[in-house]
Amino acid sequence: MLFDDPEFKETIASVLVPVPVPVAYTYKVPAGQAVVPGTIVKVPLGPREVLGAVWDVEPDGAINPKKLKTIARVYDTTPPLDEDLRRFVDWVANWTLGAPGMVLRMVLRSEEALEPEAPVPGVRRIEAAEPDRATPARKRVLATMEEGFAWTKSGLAHAAGVSPSVIDGLLQQNVLETVSMPAAPPPPRPQIDYAPKPLTPDQQRAAEGLKESFDKGGCISLIDGVTGSGKTEVYFEAIAEALRREKQALVLLPEIALTEQFLRRFEQRFGVYPAEWHSEITPKNRARVWRGVASGDVRVVIGARSSLFLPFKELGLIIVDEEHDAAFKQDDRVPYSARDMAVVRGHLSRFPVILASATPSVESHVNADLGRYELYELPERASGAALPDLQAIDMRIDGPERGRWLAPTLVHAIKDTFAEGDQSLLFLNRRGYAPLTLCRTCGHRFQCAHCSAWLVEHRFQKKLICHHCGHFEPVPDACPSCQSKDTLVACGPGVERIAEEVSDLFPQARTLILSSDLPGGPERLKREMKIVEEGGADIVIGTQLVAKGHNFPKMKLVGVIDADLGLAHGDPRAAEKTFQLLAQVTGRAGRVTGGGKGFLQTYNADHPVINALLSSDKNAFYRAEIEARRVAGLPPFGRLAAVVISGPDKIFAEGFSRALVRAAPHDQAVTVLGPAEAALAMVRGRYRYRLLVMAPRQFDLQSYLRGWLGNGPKPSKGLRVQVDIDPQHFL
């Protein structure tokens, strides 16, 4: 790892840096300093300095250290990255064909986290010192400080109910002294036995099995429970077991919108909140969580997929809630599945991983069938409430009048639900007001200037927005093509348009839209989710974020506006995704008291997905889907890799794609499909071509791709080639 030659009396080390190259670089260690594998450092790289880590690679001993650049800084107050985490980084890089340094970049997310947090000034009582006059305000201050603790000046003034000038006066009289205080005390530890909830027999059996998994080393468990079956309460007992064993726990959630309700449930069970890790926390809190995880002060983290790369000191359990959710797949930079990589991290470190879902992925279902995963089924709701009664509305027979989107049957059901004082949820997985705007005079369609996608009208914001690159423009008064006024027509519905119709039909109802792109961001979503939970809205119109894990006690009716939407394209996972989404969203109905109803508006009432939902025969759907995958050689019975070529010049990108296909090594086990224009042929001004590589399950696809791309034509003129192992999205 390190090189020490008496001739040079200098030490060299291999350092992994965040650049897309497959190797570590060699640097000279500063005189008088020592590094070990995992030591975090800052090194010169070209004209800049970057964070890196000393790695488990033997540096070239023939290199003269005098010709090397010197490590600029050694972060010797930060614990080195442990061997398990370094192995995990290398494993992810090898699996995804990404550069190890780009994976390491996900570990070293915050340079601020590497610096100890600066202390804050505080005040403390000087023993036996008394003020010259004992005013009521001064007495309150001194009474507040009786236990001898140090306080911040503002905190003390607030607690004692005095102005800061009273504190200043006591400092001037040497009754109080100024001291340095830690910026943030260590977070309180969860209390294992604070308030465990009574479990049903099924929950208890699952909880006991999960506790036993800690002694099996790397055991993977799948909790397959219907919506409302109490999967969270079951895996809370696994968290309690991890804490008993002095281990840290990580809970992965697919959506930030789920965190607020989870935080409250965790606090009710363990007496404290867990740490949060996602894109919306402040840089200061991000640094505190990173440091707390590395030191072991933070015992439980709830986070998005990126929290998988936190440098835990004693990680002993990972839980992936809603494990089927496609949000666990990262598509840019280093494409990886957080669910699959969580399983890998547990395997490498020999600790249990728990997957939980009401609609498990086909891959997890097959792994459970084959005995690779321990299966725990929760077939009934913990409250004892029945699952919702589902009904299809055939839009060809019972559709709405022209210009409307809610069928009469659904409108009557909403009316009855509202009259009974219960809530209704209308689900449509389309943001905005309408997915397409056109001119009825000349037919002009508003398309993004940078993507091959239609602009979506957002009437509340008075904008046309591209949901792929973020481009937006104001809704014009006239058609930009023919200059006609008052000829623009919104085609199709989004949630805003459904809300408009609901307001016309039920003006007295409290209506709320839940969509991730409305102003206010995650904080607004948290507030509005709580409003729904507490019964402060009568009719909720939402996108897919309402389908995931939420518990709305007063929700009795769910109406799916377009049950066919997810089936309308060539995604090989379309049936699975649609079944999961519709089962999850209809599962919001009647979770606590029962009596829930769900209506599916569809033009294809005989589709197998619709039939499986209506019959509540989940296993029949999985059997059919698994057999279809087996016959087609699709995952988990075969392997897929997408190769996406993108560039600013369409003809050059297409030509390179064809040349790359011609360079593919011949192997009878491998099928290369394409090139074809991606479903979104242009994104952010870059033209995209897609290849799909298919191979048997046991085939070493990574080696094949590595050899092919290594020996094939090299991208130039701004071209990029990205490989996505096990793609989840096909746009």
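**Close-up views: a helix pair and an open sheet**

**View 1. Contact residues of helices α16 and α18.** A575, E576, F579 and Q580 of α16 meet K618, F621, Y622, E625 and R629 of α18 (contact: heavy atoms within 4.5 Å). By class, this contact has 4 nonpolar, 1 polar and 4 charged residues. Nonpolar covers Ala, Val, Leu, Ile, Met, Phe, Trp, Tyr, Cys and Pro; charged covers Asp, Glu, Lys and Arg; the others, Gly among them, are polar. The model is predicted: local features need pLDDT of at least 70, side-chain atom pairs count only at pLDDT 80 or more, and totals for chains, interfaces and linings use all residues. Residues are numbered from 1 along each chain as its sequence is written, and side-chain values use heavy atoms, with hydrogens and water left out.

**View 2. Axes of α16 and α18.** The axes of α16 (574–586) and α18 (618–632) come within 11 Å and cross at roughly 165° (axes fitted to C-alpha atoms, for helices over the stretch in contact; angles from 0 to 180 degrees between N-to-C directions). The two helices are therefore roughly antiparallel (over 145 degrees).

**View 3. The open sheet.** Its 4 strands follow the order β30-β31-β29-β32, with antiparallel pairing (at least two DSSP bridges between two strands). β30 (671–683) and β32 (720–725) are the edge strands, each with a single partner, so one side of each has no neighbour in the sheet. The twist averages 20° from one strand to the next.

**View 4. β29, β32 and helix α19.** Strands β29 (638–647) and β32 run antiparallel, joined by 6 bridges. S646 has R720 in β32 as its bridge partner. Helix α19 (650–662) packs on the sheet and touches β29, β30, β31 (686–696) and β32. The direction of α19 makes about 15° with that of β31. Helices (H or I, at least four residues) and strands (E, at least two) are DSSP runs, numbered from the N terminus.

Note on methods. Parallel < 35°, antiparallel > 145°, perpendicular 65-115°, else oblique.
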